[in-house]
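Open your viewer and keep the selection tool ready. This tour moves from whole chains to single residues.

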Amino acid sequence: MSRVNTVLGPIPTEELGLVAVHEHIGYGMPGSELDTRWWRSPEQRYEETVPKLRQFHEYGGGTFVDATGICNGRDADYYKSLSAKTGVHIVASTGFVGGDTALPFFARASVEYLAEHFIHEITVGIGNTGSRAGIIKVGVSRGGRMTDLDKRIYRAAARAALTTGVPILTHLAIDAENAITIFNAEGLPLDRVLFGHVDDGVNADKTRDTWIAEQGGRVGFDTFGYETELPDPPFWARPRKERLDHFLRFIGQGHLGKVLASADANCSPLGWPGVEGHTVNYIFEDLIPDLRAAGLDEAAIKTIFVENPADFLTIQH
Amino acid sequence: MGAQTAEDTTGSTVNTVLGPVSAQQLGVVAVHEALLSVVPGAEYGFDVTIDRAEIFQTLAEKLKDFRRHGGGTIVDSTGMFHGRDVRLYEALSRTTGVHIVASAGQGPEEMLGGYFLTPQTNPPTPWPAEKFADLFAKEVTEGMVVPRVERRGAAGLVATAATLGGMTPTDESLFRGAARAALTTGVPVSIRYGSDAVRDLEVLLDEKLPADRVVVGGLDRKDAVAAGAPLQVATRGAYVGLDHAGTEDDAHITDAERAALVAGLVEAGHGNRILLSSNATGVAKGHPANDLPYSYVLTTFVPLLKAQGLSDEDVQRILVDNPRDLLSVR
Ligand SMILES: [Zn+2]
């Protein structure tokens, strides 16, 4: 039986449909909850979020993977209500976006404790929500090199992935040598890891995407839509054509089976202004039309958005 | 008496979780305690249970014990990001009759969330003093944050701390921000110093915060006592927090030494600058609690002071008048 954990319970892989593999209902750095400038009422949150998910569903979107880490405003009860009311499957993460988003309790924890925590959230549930995490988030702290804490989190994630069969999604794919060393040492097959953000404007040049694919890792072009053409682009934006060309070039090198794509958009950001006009629906409104215009056939598009994510997300036994 | 004369606090008020209270009504104050103490992030730990009813019962019993032994006011000095639960404290205060003063502030650096240390800017520059000042001051003027829900009550002080190994640049921003928030709002600052109590105090004074708006806590640490810091802090006019009464470990002096230290400061004319507390953790999550009752100073430590020859007036000044003067909003 093939299954994937969603916030409303396990679903068969066959039901995932088109997957947005790296998105956020709402992301905020830990501590941002203390700063009232970012607060919105629950009415505003639903108002900003529900139409985007409904639109995603109407476009044919099946599953929204929320890549928000433990201390970043992840809110499984809220995701449950959104999923139930919009019909979009939502997969929640355990793990951390990076060591610099893990609060002191976890920053001080041992690899063993972190692994136990991740496994609990995957097999028992997140807090008392009953929602089981379907993916493990890890990442590289600001600064470009994995910190000791980042490494402990990667190692714990590898152990939890091996124990539970749930895959790992990384924030940033820089310093991948260190990441792969850890995964290899723990015996985790690299096709259980999606090395994300290989396409972002700050790090694309420093990211060894081809090498990662050659090692067997999956490669995430998952910041589509953060473009320098936007009226107020974030610092990680990149010219639209440059990113698209990068993606097409990578696929052209024979890596279609390794790629996943997403928009990393916030439905309603929790601790930052967000990027006006950028939503998960970039996938339908811009990216897929761009891929078709570039000559990709429907089978290739299905591979990227349906088959690869299904392989990746399916719990391994 | 020492060079400092107490402010006239007749008409002053203190910010408690149930609103402003006349400074004259505080009674005996424990100036550095913890009600609910949660290491940031522990609330998400899979094996950490947070049962509000159970926490309430535990804390209510401890507060009633404090009151039974003559206590009037508890200051929760854990700041705004270490388990502070304003609504719970309101209910506790209503139920037990103990005044509860809660604190704004946070620190040291390692206890901060990434929002303050590696913000989503390029480069990720840590927060400067001015932003901390605004964050802390609003906790007094607009109310204490219940994260992403509402503001409630007004913080009665700003509590912060420096890294044990020595003040970091972000710690310094926290200290300067705390000082500025205290200047604009009139509440005092409570600090835990890093490696040098006097130097860390100077950072606040450099912001033109009057010394008598500051309590330097943890001055019953062995290293501080060895360096003569308690007397130096008192000489500068700040309050000397001897706030680990009941703790005798590698880092702290014994109760007997603590009592002798108090007597020495009184002798030197600094009786109006001494504050006592026990740093009791009412309920701890994510770290070990100590088993001290909030009444420890009243039941166990005061007799040691009397044995040192302190008068009832001395004790009254330390337990009632000094914290009243400190906590009065200026
Ligand atoms: Zn993301």
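This is a predicted model: local features need pLDDT of at least 70, side-chain atom pairs count only at pLDDT 80 or more; totals for chains, interfaces and linings use all residues.

**Stop 1: chain B as a whole**

Select chain B and colour by secondary structure. You will find 11 helices and 13 strands. Its C-alpha atoms fill a box of roughly 60 × 45 × 45 Å along the principal axes. Of the 330 residues, 61% are buried. Chain B has an accessible surface of about 12,100 Å², and carbon and sulfur atoms hold 51% of that. Then colour by charge. There are 29 positive and 42 negative charges, and their mean positions lie 5 Å apart.

**Stop 2: a tryptophan in chain B**

Select B:Trp127. Look for the loop between α3 (114–117) and α4 (129–141) of chain B. Is B:Trp127 buried or exposed? B:Trp127 is buried, because its relative accessible area is 5%, and buried means under 20%.

Show what surrounds B:Trp127. Beyond four places in sequence, its contacts in chain B are B:Tyr115, B:Phe116, B:Phe132, B:Leu135 and B:Ser173. A:Asp35, from chain A, is in contact with B:Trp127 too. Next, draw a distance to B:Pro169. B:Trp127 and B:Pro169 are 42 residues apart in sequence, and their C-alpha atoms are 10.0 Å apart in space.

**Stop 3: chain A as a whole**

Cross over to chain A. Here you can pick out 10 helices and 11 strands. The C-alpha box is roughly 50 × 45 × 40 Å along the principal axes. Chain A has 317 residues, for which a compact globule would have a radius of gyration near 20 Å; the value for chain A is 18 Å, which agrees. Buried residues make up 64% of the chain. Of the contacts in chain A between residues at least 6 apart, 77% link residues at least 24 apart. Chain A exposes about 11,300 Å², with 50% supplied by carbon and sulfur atoms. Its 30 positive and 42 negative side chains have centres 4 Å apart.

**Stop 4: the annotated sites in chain A**

**Stop 5: A:Lys137**

The unreviewed UniProt entry marks A:Lys137 as "modified residue: N6-carboxylysine". Find A:Lys137 in strand β7 (residues 135–139). A:Lys137 is buried, with 1% relative accessible area. Show its contacts beyond four places in sequence: among them are A:His22, A:His24, A:Ala67, A:Ser93, A:Phe96 and A:His171.

**Stop 6: the histidines**

Start with A:His24. Which loop holds A:His24? A:His24 is in the loop between β3 (18–23) and α1 (42–58) of chain A. Its relative accessible area is 5%, and A:His24 is buried. Its contacts beyond four places include A:Phe64, A:Asp66, A:Lys137, A:Asp264 and A:Cys267.

Move to A:His171, in strand β8 (residues 168–171). A:His171 is partly exposed at 21% relative accessible area. Beyond four places in sequence, its contacts include A:Val97, A:Lys137, A:Tyr154 and A:His197.

Finish at A:His197. Follow the loop between β9 (193–195) and α7 (209–215) of chain A. A:His197 is buried, with 4% relative accessibility. Among the residues it touches beyond four places in sequence are A:His22, A:His171, A:Leu172, A:Asp222 and A:Asp264.

Technical notes
Residues are numbered from 1 along each chain as its sequence is written. Chains are lettered from A and ligands numbered from 1 in the order in which they are written. Side-chain values use heavy atoms; hydrogens and water are left out. Helices (H or I, at least four residues) and strands (E, at least two) are DSSP runs, numbered from the N terminus. The radius of gyration is taken over C-alpha atoms; the globule rule is 2.2 Å times the number of residues to the power 0.38. Buried means under 20% relative accessible area, exposed over 50%, partly exposed in between (1.4 Å probe, protein chains only). Contact means heavy atoms within 4.5 Å. Accessible areas come from the Shrake-Rupley method with a 1.4 Å probe; for residues, only the protein chains shown count as cover. Lys and Arg count as positive and Asp and Glu as negative; His and the chain ends are not counted. The place of a charge is taken as NZ of Lys, CZ of Arg, CG of Asp or CD of Glu. UniProt positions are given in the numbering used here, feature names are shortened, and annotations may be inferred rather than shown by experiment.
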